[in-house]
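Please read them with the structure open.

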Amino acid sequence: MFLSLAAAVFVFLFDLFVKNRVNARQKAGTLPASFFHDLFRLDRVENPGMILGFGRQKPRLVKLLPPAVLAAVSFLVIPELPKIPSLLPRLGYGLLLGGGLNNFYDHWKRGYVIDYISLPLPKIRHIYFNLSDFAIFTGTFLLCLFLV
């Protein structure tokens, strides 16, 4: 369980730190920016919805659904983690928990999530993510690999 909690705390705090740096860069006028030969772009986007803007017209749903899903996943996953010898599902749960809590915190504190990463792929270049989104995706993938 220690690995899960450590991963959750790391993701939560690191993404919070990055979001604060992105806010500072925006105030300084240094956004948008491109990195590693345009491998990814950094900008600040306010997302009042969930992933891909889902639910932006229903702010109450956006505030209530993610913690309900996190609670349900925790209820199902926590009892199973000690039974699995691999550390990857424990890491996955921590990533999912930390990312979910960070985005939940943003919604409650700001009313939106700060997204800041865009990839140069033509069909998704207009979509922005944050590190918590990547942690949620990776954590869900690791959990599905071992628990399904």
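1. Start with Glu80. Glu80 is partly exposed, with a relative accessible area of 32%. The model is predicted, and that applies to every value below.

2. Glu80 has a charged partner. Its side chain meets that of Lys83 in a salt bridge, at 3.4 Å from N to O. Lys83 sits in the loop between α2 (59-77) and α3. Lys83 is exposed, because its relative accessible area of 61% passes the 50% cut-off. Side chains of opposite charge can pair when their charged atoms come close.

3. How far apart are Lys83 and Val113 in space, C-alpha to C-alpha? The separation is 35 Å, for residues 30 apart in sequence. Val113 returns in point 8, as a contact of Asn47.

4. Now helix α3. The helix covers residues 88-110, which is 23 residues. From first C-alpha to last, α3 reaches 32 Å. That is close to the 33 Å expected at 1.5 Å a residue. Gly111 follows α3, and its phi is positive, near 90°.

5. Is Asp106 buried or exposed? Asp106 counts as buried, because its relative accessibility is 0%. Arg110 counts as partly exposed, at 21%. The cut-off for buried is under 20%.

6. Asp15, Lys19, Asp106 and Arg110 are linked in a network of salt bridges. A search of the whole structure finds five salt bridges.

7. Another of the salt bridges joins Glu46 and Arg44, at 2.8 Å from N to O. Glu46 is partly exposed, with a relative accessible area of 43%. Arg44 counts as buried, at 15% relative accessibility.

8. Look next at Asn47, in strand β2 (residues 40-47). At 8% relative accessibility, Asn47 counts as buried. Which backbone atom does the side chain of Asn47 reach? The side chain reaches the backbone oxygen of Met50, at 3.0 Å. Leaving aside neighbours within four places in sequence, Asn47 is in contact with Gly53, Arg56, His107, Tyr112, Val113 and Asp115.

9. Last, the surface. Which residues form a nonpolar patch there? Leu88, Phe141, Leu145, Phe146 and Leu147 do, with about 440 Å² of accessible area together. Helix α4 (residues 131-147) gives the most to the patch, with four residues. Phe141 has its place in α4.

10. Another is Asn47, whose side chain reaches the backbone oxygen of Met50.

Terms used. Residues are numbered from 1 along each chain as its sequence is written. This is a predicted model: local features need pLDDT of at least 70, side-chain atom pairs count only at pLDDT 80 or more; totals for chains, interfaces and linings use all residues. Side-chain values use heavy atoms; hydrogens and water are left out. Helices (H or I, at least four residues) and strands (E, at least two) are DSSP runs, numbered from the N terminus. The expected span of a helix is 1.5 Å times one less than its number of residues. Patches are made of residues with over 30% relative accessible area and no salt bridge: like charges are joined within 9 Å, nonpolar side chains (Val, Leu, Ile, Met, Phe, Trp, Tyr) within 5 Å. Accessible areas come from the Shrake-Rupley method with a 1.4 Å probe; for residues, only the protein chains shown count as cover. A salt bridge is a side-chain nitrogen of Lys or Arg within 4 Å of a carboxyl oxygen of Asp or Glu. Buried means under 20% relative accessible area, exposed over 50%, partly exposed in between (1.4 Å probe, protein chains only). A polar contact is a pair of N or O atoms within 3.5 Å; within protein, one must be able to donate a hydrogen and the other to accept it, and residues adjacent in sequence count only if both atoms are side-chain atoms. Contact means heavy atoms within 4.5 Å.
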